[in-house]
Amino acid sequence: MSKSRETFNKKEKEKLRLKKKKEKEEKKEARKANETADFEDMIAYVDEDGNITSTPPDPTKKKKIDVDSIQIGTSKQVEGEDEGLPKTGKVTFFNDSKGYGFIKDDQTQESLFVHFKACIDPIKENDKVTYETEKTPKGLSAIEVKLVV
């Protein structure tokens, strides 16, 4: 007599496979039975306080917003605004060996790049200076930098 090729382990694996397949079919049928929800039931609304609700918002409470008044990013700057006028600031950093530094504007607290070729007087850190600005590809730079006497 020959030995059966179907072992106990193979029988158990086959039973588990059939059981999983049956459970999957049952889940599929249950999902199909629950698909009676309409599109209207799935819609959610956001009220004026930012809370999610199932009722649509009241159109009388809708606010009109002027699109032109919304600013995104930096504020708009008018061409030529304050350019050419001398400004005052303080040298926050200056490297003599490399020949560049930074000036902090007194009014806007903005940091501007300065190169030694743009300086009329020799400058060092913590000096009070007057300067004009120039647009460069990397932003504003200080030019015609003079010490304040």
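The model is a predicted one.

A pair of aromatic rings is described by the distance of the centres and the angle of the planes. Across the whole structure, a search finds five aromatic pairs. One of them joins Phe 93 and Tyr 100, whose ring centres are 6.1 Å apart and whose planes stand at 55°, so this pair is tilted. Phe 93 has a relative accessible area of 33% and is partly exposed. Tyr 100 is likewise partly exposed, with a relative accessible area of 26%.

Phe 102 and Phe 113 form an aromatic pair that is edge-to-face, with 5.9 Å from centre to centre and 75° between the planes. Because Phe 102 lies in strand β4 (residues 100-105) and Phe 113 in strand β5 (residues 111-115), this pair ties together parts that are 11 residues apart in sequence. Phe 102 is partly exposed at a relative accessible area of 29%, and Phe 113 is partly exposed at 32%. Phe 93, Tyr 100, Phe 102 and Phe 113 form one aromatic cluster.

Ser 141 has its place in strand β7 (residues 139-147). With a relative accessible area of 11%, Ser 141 is buried, because a value under 20% counts as such.

Most residues other than glycine have a negative phi. Gln 109, although not a glycine, has a positive phi of about 60°. Gln 109 lies in the loop between β4 and β5, and at 47% relative accessibility it counts as partly exposed. Asn 126 is a residue other than glycine whose phi is also positive, near 70°. The place of Asn 126 is in the loop between β5 and β6 (128-136). Asn 126 has a relative accessible area of 52%, so it counts as exposed, the cut-off being over 50%.

The charged side chains come next. Side chains of opposite charge can pair when their charged atoms come close. A search of the whole structure finds four salt bridges. Among them is the one between Asp 106 and Lys 128, whose side chains meet at 3.8 Å, N to O. Asp 106 counts as partly exposed at 32% relative accessibility, and Lys 128 is partly exposed with a relative accessible area of 44%.

Helix α1 (residues 8-33) holds Lys 15 and Glu 12, which are three residues apart and thus separated by about one helical turn. Lys 15 forms a salt bridge with Glu 12, and their closest N and O atoms are 3.8 Å apart. Lys 15 is exposed, with a relative accessible area of 56%, whereas Glu 12 is partly exposed at 30%. The side chains of Glu 14 and Arg 17 meet in a salt bridge at 2.6 Å, N to O. Glu 14 and Arg 17 both lie in helix α1, three residues apart, about one turn of the helix. Glu 14 is partly exposed, with a relative accessible area of 34%, and Arg 17 counts as partly exposed at 45% relative accessibility.

Technical notes: Residues are numbered from 1 along each chain as its sequence is written. This is a predicted model: local features need pLDDT of at least 70, side-chain atom pairs count only at pLDDT 80 or more; totals for chains, interfaces and linings use all residues. Side-chain values use heavy atoms; hydrogens and water are left out. Rings of Phe, Tyr and Trp (its six-membered ring) pair if their centres lie within 6.5 Å; planes under 30 degrees apart count as stacked, over 60 as edge-to-face and the rest as tilted. Buried means under 20% relative accessible area, exposed over 50%, partly exposed in between (1.4 Å probe, protein chains only). Helices (H or I, at least four residues) and strands (E, at least two) are DSSP runs, numbered from the N terminus.
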